[in-house]
Amino acid sequence: MHRQPIDRAQVRRLLLHALEAERSTIGVYEAAMGVAVDEQVQREWSTQLEETRLHARILCDLLPALGLDPDATSPARDAVPRQGAALVAAIEMAAANGDHAATQLVAAECVALAEARDHLNWQLIGMLAESAPGDLAAEFAPAPDDAEPDSFGLADDSAPASWPQALGLATAPSCPDGRPGAAHRA
């Protein structure tokens with residue numbers, strides 16, 4: 001099978017986008033934690049927030065190791081703070097309505113959206129680490145093996161899992177593979 005060479009400009013764009021996404025997700029978690037009413041959700045979001053901060057630090061270290069400026073701009077990167085700000089604004093708008101349980105649901109959905117983007121970025125970074133040429137692959141060594149794949153956990157499932165609880169249902173719907181709380185996730 002013939003592989004195309006790694007496009008280093010696209011690698012740069014991905015890494016800058018991933019760093020900005022992690023930074024935006026920190027803001028989403030902070031806003032979400034400010035409205036969480038369930039202690040378990042609050043603890044999980046706190047754990048996920050610390051993991052997101054770690055991911056941002058990893059990327060801040062990785063970019064210079066690749067000869068890239070962590071503060072460089074790119075069109076994709078420049079859009080990410082607006083997406084994060086929109087998620088934070090949605091949480092704030094829900095909070096203004098005064099229904100704490102409903103606000104936590106909105107926050108859980110916003111967290112799930114932010115985490116979905118981060119999860120995709122880390123999957124792509126993992127693919128790069130596996131297939132990059134030696135000189136580039138060596139620089140990916142600082143990237144944690146478990147940076148995202150299943151740290152997705154409750155942060156991802158908190159939105160679908162919160163709805164059945166809010167509706168008074170005992171369990172979350174399950175997806176085809178039998179996992180709870182992810183019926184519509186691809």
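Modeller: A quick definition before we start: a helix here is a DSSP run of H or I with at least four residues, and helices are numbered from the N terminus. We are looking at a predicted model.

Biologist: Thanks! How many helices does the protein chain have?

Modeller: Let's read along the sequence, where the pattern of the protein chain is α-α-α-α-α-α. Strands number 0, and the count of helices is 6.

Biologist: In which helix is Thr25 found, and is Thr25 buried or exposed?

Modeller: Thr25 is found in helix H1. A residue counts as buried under 20% relative accessible area. Thr25 has a relative accessibility of 1%, so Thr25 counts as buried.

Biologist: How are H1 and H4 oriented to each other?

Modeller: Two packed helices are described by the angle between their axes and the distance between the axes. For H1 (residues 8-33) and H4 (residues 100-131), the axes come within 9 Å and cross at roughly 155°. Angles over 145 degrees count as roughly antiparallel. H1 and H4 are therefore roughly antiparallel.

Biologist: What class make-up does the contact of H1 with H4 have?

Modeller: Among the H1 residues that meet H4 are Val11, Leu14, Leu15 and Thr25. On the H4 side, the residues include Ala107, Cys110, Glu115 and Trp122. By class, the contact of H1 with H4 has 16 nonpolar, 4 polar and 4 charged residues.

Biologist: What about H1 and H2: how are they oriented to each other?

Modeller: Helix H2 covers residues 39-65, and the axes of H1 and H2 come within 9 Å. Those axes cross at roughly 155°, and the crossing is left-handed. With angles over 145 degrees counting as roughly antiparallel, H1 and H2 are therefore roughly antiparallel.

Biologist: Which residues does Ala31 contact, leaving aside neighbours within four places in sequence?

Modeller: Ala31 lies in helix H1, and at 17% relative accessibility Ala31 counts as buried. Ala31 and Leu87 are 56 residues apart in sequence and 9.1 Å apart in space, C-alpha to C-alpha. Leaving aside neighbours within four places in sequence, Ala31 is in contact with Val88 and Ile91.

Biologist: Is Cys110 buried or exposed?

Modeller: The cut-off for buried is under 20% relative accessible area. Cys60, at 25%, is partly exposed. Cys110 has 5% relative accessibility, so Cys110 counts as buried.

Biologist: How many disulfides does the structure hold?

Modeller: A disulfide is a covalent bond between the sulfur atoms of two cysteines. To count as one here, a pair of cysteine sulfur atoms has to be within 2.5 Å. The number of disulfides that the structure holds is 0.

Biologist: Last one: among contacts between residues at least 6 apart in sequence, what percentage join residues at least 24 apart?

Modeller: Let's take the whole protein chain, which has 186 residues, 42% of them buried. Among its contacts between residues at least 6 apart in sequence, the share joining residues at least 24 apart is 75%.

Methods:
Residues numbered from 1 in each chain as written. Predicted model: local features only at pLDDT ≥ 70, side-chain atom pairs only at ≥ 80, totals over all residues. Heavy atoms only, no water. Axes fitted to C-alpha atoms, helices over the stretch in contact; angles between N-to-C directions. Helix = DSSP H or I, 4+ residues; strand = E, 2+ residues; numbered from the N terminus. Parallel < 35°, antiparallel > 145°, perpendicular 65-115°, else oblique. Contact = heavy atoms within 4.5 Å. Nonpolar A, V, L, I, M, F, W, Y, C, P; charged D, E, K, R; others polar. Buried < 20%, exposed > 50% of the residue type's maximum accessible area, 1.4 Å probe, protein only. Left-handed = near helix turned anticlockwise from the far one by under 90°.
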